[in-house]
Structure formats: structure tokens, C-alpha cells
Amino acid sequence: MSDHEADVIVVGAGPGGSAAAYHLARHGVRVLLLEKTQFPREKVCGDGLTPRAVKQLIKMGVDTSPEAGWLPNRGLRVIGGGVRLELDWPELASFPNYGLVRTRLDFDDLLARRAVEAGAVLHTNTTVVGPVLGDDGRVVGVSAEVGPEKEPVTFHAPLVVAADGVSGRFPLALGLAKREDRPMGVAVRRYYKSPARHDDNYLESWLELRSREAGDNLLPGYGWLFGLGDGRVNVGLGVLNSSAAYGKTNYRRMLTDWLANTPPEWGLNDEANAEGPILGAALPMGFNRVPHYTRGVLLVGDSGGMVNPFNGEGIPYAMESGELAAEIAVQALARPAGPDRERALQQYPTELKARYGGYYRLGGIFVKLIGNPQIMRIATKHGMPHPTLMRFVLKLLANLTDPRGGDAMDRVINAMTKVTPAV
């Protein structure tokens, strides 16, 4: 087999692509992992990981100790309605009881290296420009441009995993457009030097953002402040498409308006402490691109719109879908090409729907509700003072329950997601 042939090609070496490549390679599958940039590389993200993401790191054999450069956290601190509440991550059999923080500059590089260590072949500076189709219209490879010279190269494989992020250029080339009826968000973030806030053992979420410049008015959206443990913090905000402000607001200005109202000792209202520009990214939620399998291509992570509508979290779902795509590809490749293999591959969208469909539908309802400032104000005012209710909300928003057994909260959340029709 030549250097340009494999059993599976993975397009994109973000968390989803690297997870897929890692799990495929561990099963002895020949994998090409194609990444358009060079590592390490910048990526717009909050850099905070919940226990759901930590579980996937452990599955990939990643050392998540502080000695290995990770900053652990105990839970989520929620600020809103005049209340400041610290909620520890739940004690569960299915997930660890800690979260982590690490910049994507390190994180994506580390995951790609794990895939290579498992046996995947990584090609960086390789921009995939489109699919290569067989006579039957099935994808049999990808065409790419390599290096600064943009040298045209063709790679061949019977299966392709599209993990090319929110832009989804590869599925778009197959005619798979985004669905406009699904939730969508946008987030902006910036790094600041902040010795006062850098070493926090909670992820911090702001349900209300106030601007002094706007006469102490409430700004649309929700904010975060995550300490990185290295003297810096990652500060950002997100706005959902159910908000009247979506697409009509200068989000970068909104971020600096909010930060101007934070305590001076944090250093977030001083431009001299800023590191780099304010960067933004879209958050494709609730399966906003389907089908997740078609003609030899499996969509993973943001490419398939798998961001959690409840909390804007994408990394664990990218990694989980990458692992699932790998497991199904391994089973499919063990069968002869044709109807038998297709039956195995069709299990991928079926399983994704079973895992997340009801939960994402609930998330879509949640997004519509909180897009109404009045509902959000009432929910914050009456919900925040009740720690038991907020613990339930944390489990629901972070999708952290034990599927079997568990406590009463777990059983209620699991029942809700089962009876809700899947998206």
C-alpha cells in the first residue's frame, strides 16, 4: 500500500479527528490524519473541560495530572441574580469528578501526538479541497493541496471521517448544508494576564453580563472566566441564535464592555494585560448538519453539528463521536464492500441519534426559552437561590448522569431525554 492509500482517511486533526484516528489505529486500521495547519496552532475555545471530556482523555491514555501541565477544577461557579454558587461536579460511576483547563494550543497538539503514537500517519500543511468519487458516486478518497506550494495530491481510502470543524467544507462539497432550524451560537474569547484570577479550582460561568457604559444595562449572552494556572485567564462570552442580539451585535465590543465592569484588581479592564486579539467562532449545535453518514463518509464533532445546546460544549461530543465512528468503521471494514458493509455503517447515525437525539431536542427547547430575557431573568432570580435545583441543572446542562442506577436526579434527566423525540 502506498503512502497515499489507507483504510480510513480522517480530515481534520482537532479533538474529534484525533480521537477517531487514535481509536482506529489502536484496532490496527491504517489511518491517514490530514490537517491543514501546522501544530501547535491556535483555536478559539474556552479551554475548559468538563468531566465528560476528561473521560475521553483517559480513554486515550492521556496523563491528566497537574504535573503533566493540566489545571484541575472541582466544579462550576455560577454567578447571576445577585447569587454566587459553587457547584461541585457530581460523584458518578460513569464520569470522573474533576474537570480540567488547558489551552487548545497544547491540547490539540497533544491529542494528535497520541494518535500518531497509536499508529496513525499525520500529514500537516495538507488542505483537503474535496472528495474523490467512484463511478457509483461513493467517496473513495480526497484531493488535497500540500505545503506552501499547494502541490495537488490525491489520497485514497474506502472510508473517510470528516472532522473538519464548523466550516464543514468536506460535507458541504457533498451537498450537506447546515440546517437553519437547529440552534446555533457564536462565542468570542481573549486571554488576559490576571495573577488574581489565574489559579481557580472552579470554572466560572456568568449568567448576567452588565455594562457600565450602557448605564449598568444587562448585555445579551453568557460569560465565562477560566483560570489557566499560568498567570493568565481565558475570558469569553457566547450568544445564541434565539437571542434578538444574535448577528446584530459587535461581540468584541460587548466583551470589553462587560470586562470594564469587573473589579480592577483582576486586571481584565486594562488593555495592557491583554494577550492577543479577541477571536470568535461559531458553535454548531443540536445536529445542525445531517445525515451523519453518507456514501462512505462519517461526520464527527462540529462538522456534524454536535455542540451541546445546553452549555456550548463541543470537545467531549467531538471525541465521543470520533470514538464511535472508529468502532463502527472497524466493524464495517471487516465486511466485504457492498450491502453488508453499508448495513454496518448505517449504524453510526442510528447510534448517534440514540445517544444524543432526545437530549439535543431538549437543548433546542432550552435555547428558545433562555433566548427570552424575561424568562432568563425569572429563572435566574428564582432558581439560583436553590442549591438542590441548581445541582440538578448542572447535571442536565453538562450531560453528567449515570445511565443505569444513579440518584433520583439522574433518573429524572435520563427519563426526560428518553421520552423527548430525537432531533
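**Sheets, helices and salt bridges in a predicted model**

Seven strands form an open sheet in the order β6-β5-β14-β17-β18-β13-β19, and their pairing is mixed. Here strands (E, at least two residues) and helices (H or I, at least four residues) are DSSP runs, numbered from the N terminus, and two strands pair if DSSP finds at least two bridges between them. The structure is a predicted model, in which local features need pLDDT of at least 70 and side-chain atom pairs count only at pLDDT 80 or more, while totals for chains, interfaces and linings use all residues. Residues are numbered from 1 along each chain as its sequence is written, and side-chain values use heavy atoms, with hydrogens and water left out.

The edges of the seven-stranded sheet are β6 (83–88) and β19 (274–284), each of which pairs on one side only. From one strand to the next, the twist averages 20°. Strands of a sheet pair through backbone hydrogen bonds, either parallel or antiparallel. Both senses occur around β14: β5 and β14 are parallel and share five bridges, whereas β14 and β17 run antiparallel and are joined by three bridges. Ser205 of β14 stands opposite Val78, and its bridge partner in β17 is Trp224. Strand β17 (residues 222–227) pairs in turn with strand β18 (residues 232–240), in the antiparallel sense over six bridges. Within this pairing, Phe226 has Asn234 of β18 as its bridge partner.

Strand β14 (residues 202–206) is largely enclosed by the rest of the structure, because five of its five residues are buried. Buried means under 20% relative accessible area, exposed means over 50%, and partly exposed lies in between (1.4 Å probe, protein chains only). Tyr202, Glu204 and Trp206 point one way from β14, Leu203 and Ser205 point the other way, and all are buried. Glu204 also belongs to a network of salt bridges that links Arg77, Glu86, Arg197, Asp200 and Glu204. A salt bridge is a side-chain nitrogen of Lys or Arg within 4 Å of a carboxyl oxygen of Asp or Glu.

Arg189 is located in strand β13 (residues 184–193). With a relative accessibility of 2%, Arg189 counts as buried. Leaving aside residues up to four places away in sequence, Arg189 touches several residues, among them Glu42, Cys45, Trp224, Asn234 and Ile278; contact means heavy atoms within 4.5 Å. Arg189 and Asp47 are 142 residues apart in sequence, but their C-alpha atoms are 9.9 Å apart in space.

A helix lies against one part of this sheet: α10 lies across β5 (75–80) and β6, at about 55° to β6. Axes are lines fitted to C-alpha atoms, for helices over the stretch in contact, and angles run from 0 to 180 degrees between N-to-C directions.

Another open sheet has six strands in the order β8-β2-β1-β12-β21-β20, again with mixed pairing. Its edge strands are β8 (121–123) and β20 (293–294), and each pairs on one side only. Strand β12 (residues 159–162) and strand β21 (residues 297–299) are parallel and pair over three bridges, with Val161 opposite Leu298 of β21. Helix α1 (residues 15–26) lies across β1 (8–11), β2 (31–34) and β12, and runs at about 165° to β2.

Side chains of opposite charge can pair when their charged atoms come close. The salt-bridge count comes to 27. One of these joins Arg30 and Asp7, with an N to O distance of 2.9 Å. Arg30 lies in the loop between α1 and β2 and Asp7 in the segment before β1, so this pair ties together parts that are 23 residues apart in sequence. Arg30 counts as partly exposed at 44% relative accessibility, while Asp7 counts as buried at 15%.

Asp108 and Arg104 also form a salt bridge, with their closest N and O atoms 2.7 Å apart. Both residues lie in helix α3 (residues 104–118), four residues apart, which is about one turn of the helix. Asp108 is buried, with a relative accessible area of 1%, and Arg104 is buried, with 6%. In a further salt bridge, the side chains of Asp410 and Lys395 meet at 2.4 Å, N to O. This pair links distant parts of the chain, since Asp410 is in helix α11 (residues 408–419) and Lys395 in helix α10 (residues 387–398), 15 residues apart. Asp410 and Lys395 are both buried.
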